Amino acid sequence: MSYQDTQQVCLNGHQTTANYHGSPEFRRKHCATCGAQTIHTCPKCSHEIRGEYHTDGVVVIGFRTPVPTHCENCGSAFPWTEAKAKLASQVKGDGAADHFSLVQQICSRFHLVAKQLRTRHADRDTLVVNDEYDAQDLLHALLQVYFEDIRPEEWTPSYAGGSSRVDFLLKDEQIIIEVKKTRATLKAKNVGEELIIDSQRYRAHPDCKKLLCFVYDPEGWIANPRGLENDLNKKEEGFEIKVLIVPKGH
Ligand SMILES: [Zn+2]
Ligand SMILES: [Zn+2]
């Protein structure tokens, strides 16, 4: 007996499983890589997304069922295909370039980049993101891909017991990016309190119209990342705060 299985993919295009029916234990509601919601049917027509093809007695090793770009039934582009097209048009500068979304895109891919850096040819030296300074340095490098004028802003917050931190000002775009990395002593409650203090400081900053608080949480110390984001996101006249906790797949 041969049969066609279905695959489950997150809205950003990461495959969760190509054996949705055959191995239900691999199903996930959210992506382990990026935290986005997963689907196994076309959002437009509900047709199941084609997964692995099973032939009885044949085990294919090393073959990975590709993630399709379009629905084979209705022909519409899947959400990840649309997202890629949108990003491409932003990068090319079609229409009004939305720099704030671009910064969020970079941050949302940060964990993938950090993980990829661990895999080096013959175990050569690499950048391992262990603390907030490592996260700042890696983000600084990634920002260079799209932005010309990146200014590290050093300051000493009242809560940090004398230790200073660096945030980034994109002067032309009037965006400030704040980087935090969670740890055993910096969990949801403290992160929330610190971000409120920081956002008050940046509201008064003459060059800041938008503040992105990027919270890198690779060990999953924050139990309800979406809840914390929703509590802290704020948009008012002339000032916007967006909190992005990455990754969310715990
Ligand atoms: Zn994903
Ligand atoms: Zn469809």
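Guide: Let us begin with one bridge: Cys10 has Thr38 of S4 as its bridge partner. The model is predicted, with local features requiring pLDDT of at least 70 and side-chain atom pairs pLDDT 80 or more, whereas totals for chains, interfaces and linings use all residues. Residues are numbered from 1 along each chain as its sequence is written, and chains are lettered from A and ligands numbered from 1 in the order in which they are written.

Visitor: What makes strand S2 and S4 a pair?

Guide: Strands pair if DSSP finds at least two bridges between them. Strand S2 (residues 8–10) and S4 have two bridges, in the antiparallel sense, and therefore they count as paired. A strand here is a DSSP run of E of at least two residues, and a helix a run of H or I of at least four, numbered from the N terminus.

Visitor: Why are S3 and S4 called edge strands?

Guide: The open sheet has the order S3-S2-S4. Strand S3 (15–17) and strand S4 (38–39) each pair on one side only.

Visitor: How do you know that H5 and H6 are roughly parallel?

Guide: The axes of helix H5 (residues 188–203) and helix H6 (residues 225–232) cross at roughly 20°. Angles under 35 degrees count as roughly parallel, and therefore H5 and H6 are described in this way. Their contact (C-beta atoms, placed from the backbone, within 7 Å) is made by Ala188, Gly192 and Leu195 of H5 and Leu228, Asp231 and Leu232 of H6.

Key:
Axes are lines fitted to C-alpha atoms, for helices over the stretch in contact, and angles run from 0 to 180 degrees between N-to-C directions. Angles under 35 degrees count as roughly parallel, over 145 as roughly antiparallel, 65 to 115 as roughly perpendicular and the rest as oblique. Two residues are in contact if their C-beta atoms, placed from the backbone, lie within 7 Å.
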